[in-house]
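Dear colleague,

I am passing on the structure we spoke about, and below it you will find my notes on what came out of the analysis.

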Amino acid sequence: MRESPREGLVSGSVSVPELVASFLPWFMPPILHRLRSPPISNRIHLHLLSDSTGETLEMLAKAALAQFEDADVVRHFWPMVRSRQHLERILPELKSNPGLVLFTLVNPETRARLEEACSQLGLPAVPILDRVTEALEKALGQEAHGRPGRQHTMDQAYFNRVEAIQFTIAHDDGIGWEEWEEADILLAGVSRSSKTPTSIYLANRGYKVANIPLVVESPPPPKLFELKNPMVVGLTTAPERLVQIRRNRLLTLNEERETDYVDNERVKDEVKFARRMFADNGWAVIDVTRRSIEETAAAVIRLYNEREARGEPQGAKPI
C-alpha cells in the first residue's frame, strides 16, 4: 500500500513544501512549484579592476549604483592590476564570487586575458572608459597613449593641487587674512554653513580657497571688502536647518545647554546679517540648504568659470 504524504512525515521522507501542499485542495497544485523555488535575491558581486588607483572606477560605479534603491552589492576592489601574473591571482576570486566585472585596463595582454576569463566564466565584463576614449580619439585625431594611471602623474597640475590644499588648510576659518589676495575663491557665511568642507573639496580640484565665518558681534577684517583677485561667494542656508545642524554639533561635544548659538530668533538674525552683507557688496550667493558639498562646490566652480570668461567681478546672483 502506497504511503501518504502525511505518513511520510514520520519517516522524514517528505519535505516541508510537500507537507504544506498535501493539505491543499486538488485544484491548487501550482503552489508546490512555487514553494520549491528558491527566493529571488537582488544581491550581486561587483568586481572593480583597475591598473591604477581605481579612484575613477570607484566614482563611476558609485554614481551608477546611486540610481538603484536597496541594491545589495558586494564590492571587490582590485587596484594596480598591471601584469598578467597579478590578474591570474584575481581570477579565482571572480570564479568564487561570480558577478559583474567593471574594468579600466589599458595593457592589451592583461585586458585580453581578463576578457577571455570572463567569457569562459560567463561573466559580463564592461570596459567603462572605452566609449569616452574612442570619442576623444576621433575628436582629437590621435590615438590614446594607453599608459596606466596617466591622470595621476606628478606634473605641474599635480603640484598646483598640492599647493592649493596647503593654502586652503592654512586659511581656514578666517586665519591668515593678510594673504587672502592670493586666493582664487573666498567663501563667507555664518557658522556651520559648510564653508570648510566645501573649501577642502575645491582645494582638491586645484583651487586656492580661504573662508571666513561671519559673526554679528565681530566684524570681518577690512581686507575682505578690498579684495581684487579672489571671487567672494556667500553661503547661506535656511535658519531652521542651521539650528538643527548646530544642535547636532553641540551633541557631539556633549553640550546640552541652550545658548544663543541654537536660538531660533538669534540664528535668523545671523542669516539676515550675512545676506545683507552679501547684497551690499555684490557677492555671489549660494543657498546650501538642500545641497551636498559636491553640489555646492560645482556651483562655485561654475560661477568662477563664468567670472573668468567675462574677465570681470561677479555680481550678486542667488543660486
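Helix H5 (residues 84-96) packs with helix H6 (residues 108-121) at an angle of about 20°, their axes being 10 Å apart, where axes are lines fitted to C-alpha atoms over the stretch in contact and angles run from 0 to 180 degrees between N-to-C directions. H5 is therefore roughly parallel to H6, a term for angles under 35 degrees. The residues of H5 that meet H6 (heavy atoms within 4.5 Å) are Arg84, Leu87, Glu88, Leu91, Leu94 and Lys95, and their counterparts in H6 are Glu109, Thr110, Arg113, Leu114, Ala117, Cys118 and Leu121. By class, this contact of H5 with H6 has seven nonpolar, one polar and five charged residues.

Please bear in mind that this is a predicted model, in which local features need pLDDT of at least 70 and side-chain atom pairs count only at pLDDT 80 or more, while totals for chains, interfaces and linings use all residues. Residues are numbered from 1 along each chain as its sequence is written, and side-chain values use heavy atoms, with hydrogens and water left out.

The chain has 12 helices and eight strands (DSSP runs of H or I with at least four residues, and of E with at least two, numbered from the N terminus). Of its 319 residues, 34% are buried, meaning under 20% relative accessible area with a 1.4 Å probe, protein chains only.

Lys208, in the loop between helix H9 (195-204) and strand E6 (209-213), is buried, with a relative accessible area of 19%. Leaving aside residues up to four places away in sequence, Lys208 touches Glu163, Ala164, Phe167, Thr168, Glu182, Ala183, Asp184 and Ile185.

Best regards

Methods
Buried means under 20% relative accessible area, exposed over 50%, partly exposed in between (1.4 Å probe, protein chains only). Angles under 35 degrees count as roughly parallel, over 145 as roughly antiparallel, 65 to 115 as roughly perpendicular and the rest as oblique. Ala, Val, Leu, Ile, Met, Phe, Trp, Tyr, Cys and Pro count as nonpolar, Asp, Glu, Lys and Arg as charged, and the others, Gly among them, as polar.
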